[in-house]
Amino acid sequence: MIGVGVSGMARGEQPPLLEVRAVSKSFGGIPALSSVSLSLRKGEVIGLVGENGAGKSTLLKTISGNLRPDSGSVAVNGKQVSLRSYADANREGIFHIYQDLALIPTLTVYENVLLAHENSFSRFGVIDNRALRKYVTELLVEFGHERIDASRKVETYDLSTRQVIEIIKSFALAKLAGVESPVMLLDEPTAALTGDEVEFLMRLIQSTRQRAAIIYVSHRLSEVIEISDRLYVLKDGAMIAEMPAAGVAENRLHELMVGRTRDEFFYREHEQREPAEKAVLEVSGLSRPGSFEDVTFRVRAGEIVGVGGLVGSGKSDLAKVLAGALPDASGTITIDGVAAPRKLSVQAMSDAGVGYLPPDRRDGVIPPLSVTSNMSLARLTRRGEAVWLDLAREKREAREFVDTLGIKTAGIEAQISTLSGGNQQKVLLARWLLRQAKVLILDNPTNGVDAGAKEDIYGVLRQIAAKGVGILLVSDDLLELIGLSNRILIMRAGTVMREVPAPAKNKPGEVELVADMV
Amino acid sequence: MTQHTSAAALNRSRSNPQQPSSRAWLSAAAVGPWLALIVMIIVFSLLNPRFFTIGNGINILQQAAVLVVLALGGTFVILMGSIDLSVGSMVSLAGMSAAMLIRDHGEWAVVLVPLITMFVAAIAGVLFAYAKLPSFLTTLGMLYAINGMTLYVTQGAAVNLPTDLVIGSIFNGRLFGIPAVALWAIGIAIVAIFVARRTRFGRFIYAIGGGETVAKLCGVPVARYKLYAFLVSGFLSGVAGIFLMLRIGGSDPTMGDPMLLPAIAAVVMGGTPLTGGIGGPHRTLLGVLIITILQNGMNLANVNPFLQNVVLGAGVIAAVAVNMDRKRLFFVK
């Protein structure tokens, strides 16, 4: 890849606008990027694709100075730069445009565009607002967006207009920094956009590309292929392929992005059992406006049902609704033969026998409390539970679960925050087993834990299933879905596209699943 | 997939370095107050020989009694990560109500006082827990409203008490030389500690302070328990108001107002951070002792009363600096 840059210079052309050379980064000993290289020329759009967790965001953050690489370097215009902060990156003309736009809704367009750069328009510490407004208005005209009023508040504009403002902001700040062509990192720019807005964004990129260089990250492969000149594929933190975008088939990209070998032992597939006939969770015609529509499925006692789909497919919202934590859903939910009340609440659903693990562990653990107190919390909310605490019982139960689930802790009275992520997660599973949950809704239960802890959690999940608890496993990790589930539901844009059987001896492949997700 | 075992080993070694740091933080918060207490006792004993005497010890207990009761109520609110700024004005309200009830209806009417303060606290509690207004502003508003109401009803005048009250001796009497009011305060403290540690209410309050979202996702009726905490605070400010009234022998419409800062300071200095979730009533006892001894010792050492406030204020800031869990600072902004 570096060869491209070198040969370019040999031909007397400019060096690449941005060059990433063998960048590595690891978190807590786990590599997130290993020796990743990439180059980008002026006027070029490159597509960066990869699974969730492949390292795309880490790479972008490294380029934009938000993360410092452990080794390797970043060069702008052939000159190696040391980026200690996002402000440093800005000065070099690098701008990260996030999926949740980083504009302050209550400020005006011009205030947003030049936020933290007012000094260039100040005299004796007094901001010359007229100069700010003029500068921004001129840029808007220059890019053909006169219809955007620089003095209006950002909150009065829709999402796609805000995206235009973000992109103009990159040009404005680049110009201030004396950089002619900015590098723009677009992170999932279309995730929240409608079809028309996507079209609009594509045109915007086409019209500005000659004056910039763009790294485009998206799960929507067709979009990436259409807009990019070249494609880079990241997998497990390594750059495994680079190719011209023209004529690449989506299928081919899928294969490159996934294509790992699954270790049956890791997922304890030999422990997978045929579930009982009795359903512990039956969902019928469940809809929630803006989240998902007409979802129907059942989970039987002892069964693990996987739910796969991209971010925004509605799978996480589905989990939250089943936990009673999201209002406004319609349809019927039956738990162990008993219909859930029409008005869902966490209290009602946990009384009915549903336990929920949120995707972010911070929404699960109460850091200053002990392992014991964290574990008993859900049980204490049960109706009819005494006003007085039975501390002896709490301790007995905590010890029992620490033993059976193999929770590694200094003691049951240790603060839960002193436990590793995987062990915290086991405490949370125990919490719902103590509440006598009949069905567990798990949203990415191995999020952010390392391979060893994952294996541990998988063992615990098999153990729980063997006791007749039904598990709905929502996950972004394809191998985990395939390895653990008896069946897998694939969701896309709020509907269940397909149900894929996954018996122990005949597991589906990743490509097969991905094909229905995107 | 071959790195499972090494990754597991890594995980183990990685979780270890975390522990000393959290322990170090714990110890700073746990040992700090005791250290402050010991240093103060030594310094004040050296400054004035009358400090370290039985007579002064009884003095300190008597002075601490009102503050203990008030601060214990505030502790439950602060444990949730919220704050009750109205406790001082509630004491004034309680003292005024108590004095007027005794004057007009006989001394046993005083039992109505905690009910009155609970009712007022319920207003703040409902606004905070159900209308979801921030506790800081809700109780700041209540502080002014309660103040104004107390001044309006009394027309700003003090209410005096007859000297031959039966309940007066209950609070001012002595048992084995110990002031009865101190024994009452100790009794209330024991109940508060029990409630915090051994009841579902106590546990839920800790859970709300430690992670409100988590508590919600566990099915804890968060709003209801927030209201309960305010009711407890209201009840105890009522009791504290009665105590203060009996100590002074009457009521002044602003007599409780200066107690706001010491009450909150006692909670924080004891080791319950404003972010909530850790600490508790047992720590507040320690905080009250620190503040009372600080005030008593400075009086005996003839420190200018205005400078005493400077020292107290600095002490509060120091305690917050030691106790604040900076990772969670966004809770209080």
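Q: Why does B:F243 count as buried?
A: In this predicted model, B:F243 has 25 C-beta neighbours inside 10 Å. The cut-off for buried is 20 or more, so B:F243 counts as buried.

Q: What surrounds B:F243, and where does B:F243 lie?
A: B:F243 lies in helix α10 (residues 222-248) of chain B. Not counting residues up to four places away in sequence, B:F243 touches B:A65, B:V66, B:V69, B:F171 and B:V181. A contact here requires C-beta atoms within 7 Å. B:V320, by comparison, is 77 residues from B:F243 in sequence and 29 Å away in space, C-alpha to C-alpha.

Q: Why does A:R462 count as partly exposed?
A: A:R462 has 19 C-beta neighbours inside 10 Å. Buried needs 20 or more and exposed needs 12 or fewer; 19 falls in between, so A:R462 counts as partly exposed.

Q: Which residues is A:R462 in contact with, leaving aside its neighbours within four places in sequence?
A: These are A:R268 and A:E271. A:R462 itself lies in helix α15 of chain A.

Q: What makes α4(B) roughly antiparallel to α5(B)?
A: The axes of helix α4 (residues 112-129) of chain B and helix α5 (residues 135-154) of chain B cross at roughly 150° and come within 9 Å. Angles over 145 degrees count as roughly antiparallel, so α4(B) is roughly antiparallel to α5(B). The crossing of these two helices is right-handed.

Q: Which residues make the contact of α4(B) with α5(B), and how do they divide by class?
A: From α4(B) come B:V120, B:A124, B:L127 and B:F128, which meet B:S135, B:T138, B:T139, B:M142 and B:I146 of α5(B). Six are nonpolar, three are polar and none is charged.

Q: How do α12(A) and α14(A) pack?
A: α12(A) and helix α14 (residues 421-434) of chain A have axes 7 Å apart, at an angle of about 35°. The crossing is right-handed. α12(A) contributes A:V371, A:N374, A:M375, A:S376, A:L377, A:A378 and A:R379, and α14(A) contributes A:V427, A:A430, A:R431, A:W432 and A:L434. By class, this contact has eight nonpolar, two polar and two charged residues.

Q: What makes α6(A) mostly covered?
A: Of the 18 residues of α6(A), 14 are buried. The helix spans residues 159-176 of chain A and reaches 25 Å from its first C-alpha to its last, close to the 26 Å expected at 1.5 Å a residue. Just after α6(A), A:G178 takes a positive phi of about 75°.

Q: How many residues of chain A are in contact with chain B, and which elements of chain A take part?
A: 38 residues of chain A are in contact with 31 residues of chain B. The elements giving two or more residues to this side of chain A are α11 (346-352), α12 (371-380) and α15 (451-466). By class, this side has 20 nonpolar, 13 polar and five charged residues.

Q: What is the make-up of chain B as a whole?
A: Chain B has 13 helices and four strands. Buried residues are 46% of its 333 residues. Among its contacts between residues at least 6 apart in sequence, 78% join residues at least 24 apart.

Terms used: Residues are numbered from 1 along each chain as its sequence is written. Chains are lettered from A and ligands numbered from 1 in the order in which they are written. This is a predicted model: local features need pLDDT of at least 70, side-chain atom pairs count only at pLDDT 80 or more; totals for chains, interfaces and linings use all residues. Two residues are in contact if their C-beta atoms, placed from the backbone, lie within 7 Å. Ala, Val, Leu, Ile, Met, Phe, Trp, Tyr, Cys and Pro count as nonpolar, Asp, Glu, Lys and Arg as charged, and the others, Gly among them, as polar. Axes are lines fitted to C-alpha atoms, for helices over the stretch in contact, and angles run from 0 to 180 degrees between N-to-C directions. Angles under 35 degrees count as roughly parallel, over 145 as roughly antiparallel, 65 to 115 as roughly perpendicular and the rest as oblique. A crossing is left-handed if the near helix is turned anticlockwise from the far one by less than a right angle, and right-handed if clockwise. The expected span of a helix is 1.5 Å times one less than its number of residues.
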